[in-house]
Amino acid sequence: MKTFEQLRIVFFGTPDFAVASLDALVKAGADIVAVVTMPDKPAGRGMQLQSSPVKRYAVAHELPVLQPEKMKSPAFLETLRGLNADLQVVVAFRMMPEVVWNMPPFGTINVHGSLLPQYRGAAPINWAIINGETHTGVTTFRLKHEIDTGDILLQQAVPILPADTAGTLHDKLMVAGADLLVTTIRGLADNVLSEVPQSAVSTGELKHAPKIFKEHLLVNWNQPVSRIHNFIRGLSPYPAAYCVLNGKLLKIFADHIVEQEMHVPPGVMETDHSTYMRFAGADGWVYIDELQLEGKKRLLVGEFLRGYRAA
């Protein structure tokens, strides 16, 4: 058996969430023989080619980088095999074909931002908050054919605080996932982990975390204000919930609510033009604290109202 430091590891990842895990492995002394990430893409006003956060980290730490356009490319597969990896690690990366994830003797493990089997899918952090959960966590598991269904290696619970947004929870899970990944690989190297099929984990009704598209972001003012509040914070700061104000999209990043008996229809907006803007929900008011009107900067509500007059 090889020790943790002797395992040859290929790391797959793209966004900042994955950088934390890669950094934790590097600092723990893991042998990262290559980093696989998305190809550079044009972005910004000048449409200049932009590297992923994972690539920027890898280059800064002199780690070999692979950026295949297609995961089944013969040239990429040949390069991957030539690395003689013992283990592959996937954190926030695209779907991988079996020919890739089944290649190394230790297989491929993934870090997922939920307590599987709950919240399988692309947006587990957002949906956990939107659904009003009070805790979530991170899971390391082995990849298999169906997405996010492989045998569980380790899990770590993380509380969701009332003030948490998708952004703050992302950062907490990013750190927890990085730590759990190092612990998992050490456990695999020491042969002390017992894998658990997800079907053996009793969690009641399964909740899913599908990818979130623009059509899912519109606030429904007909709902209870507690649900609207969870919806807003579950999408903040990105991709951000929105409503329509005088024909323009209004992104909402922060709010607070007051539950009370209502005598106006849901969706009605009221403001004193200086300190507050509020929308009627089914059982109370949603006070907007931070927002961004289409074509304008993101502002606190007081700053916004100083330069805006509602019709």
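**Figure 1. Contact between helices α1 and α6 in the predicted model.** In this predicted model, D16, F17, A20, S21, A24, L25 and A28 of α1 meet H170, L173, M174, G177, A178, L181, V182, I185 and R186 of α6; contact means heavy atoms within 4.5 Å. Helices (H or I, at least four residues) and strands (E, at least two) are DSSP runs, numbered from the N terminus. Helix α1 comprises residues 16-28, and its axis lies 8 Å from that of α6, at an angle of about 40°. Axes are lines fitted to C-alpha atoms, for helices over the stretch in contact, and angles run from 0 to 180 degrees between N-to-C directions. The crossing of α1 and α6 is right-handed, a crossing being right-handed if the near helix is turned clockwise from the far one by less than a right angle, and left-handed if anticlockwise. By class, eleven nonpolar, three polar and two charged residues form the contact of α1 with α6. Here Ala, Val, Leu, Ile, Met, Phe, Trp, Tyr, Cys and Pro count as nonpolar, Asp, Glu, Lys and Arg as charged, and the others, Gly among them, as polar.

Residues are numbered from 1 along each chain as its sequence is written, and side-chain values use heavy atoms, with hydrogens and water left out. Because the model is predicted, local features need pLDDT of at least 70 and side-chain atom pairs count only at pLDDT 80 or more, whereas totals for chains, interfaces and linings use all residues.

**Figure 2. The largest nonpolar core and the surroundings of V89.** A nonpolar core is a set of buried Ala, Val, Leu, Ile, Met, Phe, Trp, Tyr and Cys residues joined through side-chain atoms within 4.5 Å. Buried means under 20% relative accessible area, exposed over 50%, and partly exposed in between (1.4 Å probe, protein chains only). The largest core holds 46 residues, of which F11, L25, I32, V89 and I185 touch the most other members. Helix α6 (residues 166-190) gives the most to this core, contributing twelve residues. Beyond its neighbours within four places in sequence, V89 is in contact with I9, V10, F11, F12, I109, L181 and I185. Another core, of 27 residues, lies apart from this one and includes A123, I212, V225 and L250.

**Figure 3. The seven-stranded open sheet.** The strands follow the order β5-β2-β1-β6-β7-β8-β9, with mixed pairing; two strands pair if DSSP finds at least two bridges between them. At the edges are β5 (65-66) and β9 (152-159), each of which pairs on one side only. Strand β8 (residues 135-142) pairs with β9 in the antiparallel sense over seven bridges, and T136 stands opposite V158 in β9. Helix α3 (residues 74-82) lies across β1 (8-13), β2 (31-36), β5 and β6 (87-91), and runs at about 145° to β1.

**Figure 4. Strand β7 and its two partners.** All five of the five residues of β7 (residues 108-112) are buried. T108, N110 and H112 point one way from the strand, while I109 and V111 point the other way. With β6, the pairing of β7 is parallel over four bridges, and V91 has V111 as its bridge partner in β7. With β8, the pairing is antiparallel over four bridges, and V111 has T140 as its bridge partner in β8.

**Figure 5. Q88 in strand β6.** Q88 lies in β6 and counts as buried because its relative accessibility is 1%. Leaving aside neighbours within four places in sequence, Q88 is in contact with residues including V10, F12, L80, M96, W101, P104, T108 and I109.

**Figure 6. Helix α7 and its cover.** Eight of the ten residues of α7 are buried, so this helix is largely enclosed by the rest of the structure. The buried residues are V225, I228, H229, N230, F231, I232, R233 and G234. Their cover includes α5 (124-130), α6, β10 (241-245), β11 (248-259) and β14 (284-293).

Figure 7. W221 is found in the loop between α6 and α7 (225-234) and is buried, with a relative accessible area of 11%. Apart from neighbours within four places in sequence, its contacts include I228, C243, I252, P266, F279 and V286. W221 and D86 are 135 residues apart in sequence and 52 Å apart in space, C-alpha to C-alpha.
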